[in-house]
Amino acid sequence: MINGLLRKIRTGAERPELTAFYGCLYYVYMRPGEAKVLRKGDCIDLPDEGWGQLLLSGNSPRVWSEWTDAGTSHEERQLKHRAKKIARPVPIPPELVRLLRRHLAEHGTAPDGRLFSGGRGGPLSESVYGRVRQLARGMALTPTQAASPLAGRPYDLRHSGVTLALNAGVPAPEVARRAGHGVDVLLRVYAGCIDGHEHMWNGRIEDALKDGD
């Protein structure tokens, strides 16, 4: 379903360059504020084939304008739960590598190196990327799906990516590291993704016991 949503964004008439923006939320669990300030220099490895790597160091969450120095509703800050100048290295799968390479080749960057921008190179607004997702959602989903909360918010793509990783068996500490979560928060928020896999875990424990014998 998410891949279908990304295809609709790419083929849509309005802001196809935001395909990679939403790819960042889904494939590497970035917060929208983190993706908004992603710069070309943060893409430290985008190989022709295989996995690449990003080095995330900024975030631009939506806040009340009276709480920012510039009086705007967004202010670039350090990563959530991190001290200033502390970066988060994140491996990125080949699917996102291809999206970012295509984005740079076809759309370039804003003057300051940001991959995603609003009108005239300014900050990308929540209203713009939200509208693009909503239009693509209406085309990608069935009427029943569209009436549900499925991918109802941009942030839900991040949730979908984290859920996919946990269900694939990636250890919670590693998923938390990539997503910029504390492990306790991850386990509390995504407990339902881990429950119900007793047979799989039992099988792996049995295999380990056999190897030990």
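On a 1 Å grid over the protein atoms alone, a cavity is a set of points where a 1.4 Å probe fits but cannot get out. Grid points are joined across faces, edges and corners, and a volume is the space filled by probe spheres set on the points.

This is a predicted model, in which local features need pLDDT of at least 70 and side-chain atom pairs count only at pLDDT 80 or more, while totals for chains, interfaces and linings use all residues. Residues are numbered from 1 along each chain as its sequence is written, and side-chain values use heavy atoms, with hydrogens and water left out.

I begin with the cavity. The structure holds one cavity of 30 Å³ or more, and the volume of the largest cavity is about 60 Å³. Its lining (residues with an atom within 4 Å of a point) consists of R10, P16, E17, T19, A20, L99, R102, H103, E106 and H107. Two elements each give two or more residues to this lining: helix 2 (19-27) and helix 4 (94-107). Helices here are DSSP runs of H or I with at least four residues, numbered from the N terminus. Helix 4 provides the largest share, five residues.

I turn now to the helix pair. Helix 1 (residues 2-11) packs against helix 2 at an angle of about 165 degrees, and their axes, lines fitted to C-alpha atoms over the stretch in contact, lie 9 Å apart. That angle makes the two helices roughly antiparallel, a term for angles over 145 degrees. In the contact (heavy atoms within 4.5 Å), helix 1 contributes I2, N3, L6, I9 and R10, and helix 2 contributes T19, Y22, G23, Y26 and Y27.

Notes: On a 1 Å grid over the protein atoms alone, a cavity is a set of points where a 1.4 Å probe fits but cannot get out, and a pocket is an open set with protein on both sides within 12 Å along at least five of seven lines; lining residues have an atom within 4 Å of a point. Axes are lines fitted to C-alpha atoms, for helices over the stretch in contact, and angles run from 0 to 180 degrees between N-to-C directions. Angles under 35 degrees count as roughly parallel, over 145 as roughly antiparallel, 65 to 115 as roughly perpendicular and the rest as oblique.
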